[in-house]
Amino acid sequence: PANPISCSQGVSEQLISLIKSCAQESHLLQIHAHILRTSSLGDPTISLRFLSRVSFSPFGRVSYARRFFSQIKNPSLAEFNTMIRAYSRSDSPEEGLYLYREMRRLGKRTNPLTSSFCIKSCTKMASLTGGLQIHGRIVRDGHQSDSLLLTALMDFYSICYKSEQACAVFDEMRERDTVAWNVLISCYLRNFRTRDVLAVFDAMIGGECGCQPDDVTCLHVLQACTSLNALEFGGKVHEYIQERGYGDAVKLCNSLITMYSRCGSMDKAFMVFKGMRVKNVVSWSALISGLAVNRKGREAIEAYLAMLRANVVPDDQTFTGVLSACSHSGLVEEGMLFFEGMRKDFKRVPNVHHYGCMVDLLGRAGLLDQAYELIMSMSSKPDSTIWRTLLGACRIHRHVSLGERVVWHLTELKAQEAGDYVLLLNIYSSVGDWEKVTEVRKFMKENGIQTTPGCTTVMMDGVVHEFTVDDVSHPWQSEIYTMLDEIGSQLKIAGYVPEISSELHNLSSEEKGYRLSNHSEKLAIAFGVLVTPPGTTIRLANNLRICVDCHNFAKVLSSVYDRMVIIRDRSRFHHFQGGHCSCNDYW
């Protein structure tokens with residue numbers, strides 16, 4: 001006679017096979033009914049398989065999974081973990097923490113996986129208090145030697161902007177794999193420690209970390225290079241990508257296009273784009289946006305038309321790039337056509353970024369009242385960025401009354417910043433209304449409104465050099481100021497005169513010229529001239545909008561010293577060459 005145990009095992013294996021291969025929800029319900037009818041719920045292998053199947057893709061019905069879980073009389077640790085994990089990936093991660101608390105109340109044993117899924121729930125909720133409590137449990141349970149768990153804990157602290165705690169967890173790890181290093185790099189990025197990202201990458205490829213960078217590492221490092229305007233370092237990452245065989249990865253290629261274009265090297269960005277075997281909408285959008293920000297509006301439009309011919313459907317980011325291209329290049333009619341076309345031809349509702357591009361486009365063309373009417377016609381509430389775009393146009397065109405109205409709108413949004421008042425000061429000073437300048441300055445002082453200090457960075461030989469106004473912290477400060485004096489003398493011979501309207505204090509012309517002489521951009525340019533051979537391109541990044549005087553200074557220098565100077569300020573690129581700027585003096 002047949003062995004009953006063998007028959008039972010055969011039925012279980014057949015049922016498990018059905019669960020694994022089930023692709024339709026109706027079949028899953030039939031299997032559930034069979035499990036209940038045959039009392040197979042008591043078989044932990046079957047119950048766990050079924051619970052996993054209903055909890056995750058392609059079904060992912062967490063509420064149904066919880067009902068099935070509640071039918072299990074004595075759930076195993078693996079079943080608790082499966083349920084908590086399902087909650088951590090759902091829209092109700094807090095339920096996973098409630099279940100964890102229930103486990104503790106029942107005296108159930110937990111393991112590092114349990115804590116890991118709970119930490120992921122806290123990460124999704126950005127619940128610092130919950131994560132701290134779980135961390136305490138991890139220590140009490142003696143699970144702090146589990147590398148995967150500590151990696152999840154690092155990620156949690158990083159997302160909660162607690163970089164010190166994340167680094168402390170990293171330091172406690174006995175074994176660190178590439179994933180752990182990637183989480184550390186991600187933490188540095190999230191907390192604006194971009195220079196540390198480059199240092200970690202160097203340490204990893206130098207063999208100091210015990211593991212090599214992978215494709216995720218490269219994505220993070222390229223993001224840091226983009227932020228730091230670190231073209232040279234980005235090129236090193238590109239070489240590593242090719243050496244490791246990652247060159248066909250679409251995400252990496254897209255990041256390379258963004259990095260090169262944001263560092264002002266469109267030739268290299270286009271080279272990467274051209275070499276891609278597969279180009280998706282992100283690839284095309286990155287190219288179009290790169291051309292736009294580098295003031296190659298016509299080329300950006302040509303790229304957009306080529307994208308349509310390639311049967312790639314544009315998305316919101318594509319239209320942001322195209323409209324931005326029209327804005328940066330002053331193509332008003334084309335911009336209006338694309339703005340209308342995205343609604344009529346592609347059934348896309350313009351978002352706040354698209355409206356922002358149009359306001360910038362109209363503002364550049366001097367159509368400020370039309371730009372204001374467009375903002376007021378928006379179906380959604382305009383944000384502070386749109387109003388600041390219009391305020392910048394008011395500064396350029398010296399439209400005092402509209403500028404005052406825009407600041408009022410920002411005040412209504414409770415979104416006014418120091419930079420907004422600086423723009424208003426610029427507007428008043430440009431028309432010589434020093435009484436209003438004094439009033440605004442008094443208001444800023446009484447309300448504790450402080451401006452952000454200007455900071456310019458330049459990367460040389462892999463090292464980031466940072467300058468502020470009147471900076472005396474650089475090791476080469478004496479040589480830099482000597483070079484700046486020499487440059488100033490040469491530029492004056494060529495006709496450069498300080499633009500005293502950039503100095504917002506009511507001082508004499510001589511005093512204003514002196515105050516303008518040591519702006520961070522000028523110090524960084526002088527350093528670049530000092531340490532690089534003649535003819536070398538100087539690349540800078542500035543955290544604020546470049547002032548008129550520094551803009552004029554860079555224009556004349558590019559001619560006198562036969563240098564290309566590329567400055568990325570807060571809003572766009574400025575390519576200075578032969579005494580001209582790519583922005584055509586509108587920024």
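Q: Which residue in S3 does Thr456 stand opposite?
A: Thr456 stands opposite Asn542. This is a predicted model, where local features need pLDDT of at least 70, side-chain atom pairs count only at pLDDT 80 or more, and totals for chains, interfaces and linings use all residues. Residues are numbered from 1 along each chain as its sequence is written, and side-chain values use heavy atoms, without hydrogens and water.

Q: How do strands S1 and S3 run?
A: Antiparallel, with 2 bridges joining S1 (residues 455–460) to S3 (residues 538–542). Strands here are DSSP runs of E, at least two residues, numbered from the N terminus, and helices are runs of H or I, at least four.

Q: And what is the strand order in the sheet?
A: The order is S2-S1-S3-S4-S5-S6, an open sheet of 6 strands with mixed pairing. Two strands pair if DSSP finds at least two bridges between them.

Q: Switching topic, which residues does Leu198 touch?
A: Leaving aside neighbours within four places in sequence, its contacts (heavy atoms within 4.5 Å) include Val221, Phe233 and Met459.

Q: How many salt bridges are there?
A: The count is 13, taking a side-chain nitrogen of Lys or Arg within 4 Å of a carboxyl oxygen of Asp or Glu.

Q: What does Arg195 pair with?
A: Glu466, with the closest N and O atoms 2.9 Å apart. Arg195 lies in helix H12 (residues 194–205) and Glu466 in strand S2, so the pair ties together parts 271 residues apart in sequence.
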